[in-house]
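Hello,

Here is the structure for you to look at. My notes on it follow below.

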Amino acid sequence: MTAAETIHPRSDAASEESPDIDVDVARRLGTRRGMLASVGGSAIARLTVMPLSALLGIVVTRLILDNYGEATYAQYTLLVGIAALLPFADLGLSAAILNAASAAGNPRTDPNFRGVLVSCIRLLACCALILLTVAVGIYAFGYWDALLGDGLSLDSGALAATLCLAILALNLLVSFGQRILIALGLNTLVVLLGALQTPIVLLVLWLTISAGAGGGYIAVASYAGTFLVSVIAFIVAVRRTSPTIGIAIRQSFSPRVRGERVLNVAWPMLVQMIALPIAMSSDRLVLSHLGSLDDLTEYSLTMQMFGPALGVLTTAGMSLWPVFARARATGTATPFSPHAMAGMFAALALIGGTLIVSLSGWLAELASGGRIHLGWPILVAGAIFIVVQAVKQPYGMALTDPRGLAFQAVCALVLLPVNLGLTISLTPSLGAPGPLIGSIVAVVICQLAPNMILVRQRARRAALVDETRETGVRHQ
């Protein structure tokens, strides 16, 4: 049976909402085998991609330094870092698209999914236009040097920064295709497509060096690579959901067509996209002020070791979002309960953390040449930290409906001062492990425990409703 083939559900109510069901999507998101394949495939793909991207990244760095010097490399890293400062550029609208695409019985025909796309395309077009206007305005008034400092080259830096931001703006118009693929249970494909970005940069760099051209615009290639990956994902998403995206794009230009509500999902996602990175990145700042230089380097090396494991777990966790969203839409149970999934993630994180701790001496020697020594307290704290983050993933993905996301947004806002306060309190006495211990306590108190409690409460209410329905049927 091909992806385009569908079957009709027996329920009349279901038939009214969605006249047919995409069998392949239902199999990937609604069965144990499909869910495990999606989660496992995402994790394996990320594990495969990471070392390859890291190796190619080292080659890019070496080529830039050898052929263009440190100044060009400094500008390259500075401009590439702009994207990290704007993770909220899509205003959290990706969450609305993910939920709508996951809930659609058949994304080729679902009217709610099409309506959500209409609203999001309009808003994303506004975001892209504003970002593009800002980029051109900064260039026209000559403010790039003031904003980015001495790391910017006088001859190419301003124009390169403008082009980078302009491509980032264009990327907003097509990047939602990746979210649609995730919603269809194709997160593994999204991860593998992301691996194309660094080879594209390497190819452009090689062509630039071969042509004897300057290296001031290499960072633009990085953004262009990301844009190309988004375009490929968008094309795949269009084919997988045809004709929905095409119709939504046309309808988005018509003021007569009214889209669906999306901001109730977007704003809490936006809050989390801003608050959580700030909370986690404040640790280094506190160490810089209250700790020693050795504390800062020890903490940074530890996070460099555990960061890839955390990235794998986060990628695998993202594949659970459509599983829960589809279960909510169909009124069915997920293949595994959130508690069972949390146990699986905890076990994987524990294995990964133990492996990293056991190899920490060799990794520290390889990375620092023996100049940085990692003590057991910070290694244990790092292992516990990724276990806590792993357990949090399924509970967070189970709360991706509007109310659940709003609840998580409030928790994220509470996390900010709690994490900062604990880090400031613990750093003077504990040194490098202080911020990690503070983060562990803050995440458990402000995110993991509240999410777990809310998921349990929802499960009990659902069980009570089911019991009441069964009782009513028996009396009839």
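A search of the whole structure finds 2 salt bridges. A salt bridge here is a side-chain nitrogen of Lys or Arg within 4 Å of a carboxyl oxygen of Asp or Glu. Please keep in mind that this is a predicted model: local features need pLDDT of at least 70, side-chain atom pairs count only at pLDDT 80 or more, and totals for chains, interfaces and linings use all residues. Residues are numbered from 1 along each chain as its sequence is written, and side-chain values use heavy atoms, with hydrogens and water left out.

Asp 66 is exposed, at 54% relative accessible area. Arg 62 is exposed as well, at 55%. The cut-offs are these: buried is under 20% relative accessible area, exposed is over 50%, and partly exposed is in between (1.4 Å probe, protein chains only).

Asp 401 and Arg 458 form a salt bridge too, and their closest N and O atoms are 2.8 Å apart. This pair links distant parts of the chain, 57 residues apart. Asp 401 is in the loop between helix 19 (376–398) and helix 20 (402–430). Arg 458 is in helix 21 (residues 433–475). Asp 401 counts as buried, at 12% relative accessibility. Arg 458 is partly exposed, at 24%.

Now the surface. Leu 430, Ile 437, Val 441, Val 444 and Ile 445 form a nonpolar patch with about 360 Å² of accessible area together. Patches take residues with over 30% relative accessible area and no salt bridge; nonpolar side chains (Val, Leu, Ile, Met, Phe, Trp, Tyr) are joined within 5 Å, like charges within 9 Å. Accessible areas come from the Shrake-Rupley method with a 1.4 Å probe, and for residues only the protein chains shown count as cover. Helix 21 gives the most to this patch, with 4 residues. Val 441 is in helix 21 and is partly exposed, at 32%.

Last, a covered helix. Which residues of helix 5 are buried? Helix 5 (residues 93–103) has 10 of its 11 residues buried. Among them are Leu 93, Ile 97, Leu 98 and Asn 99. What covers the buried residues includes helix 6 (111–141), helix 14 (263–290) and helix 20.

Best wishes

Terms used:
Helix = DSSP H or I, 4+ residues; strand = E, 2+ residues; numbered from the N terminus. Contact = heavy atoms within 4.5 Å.
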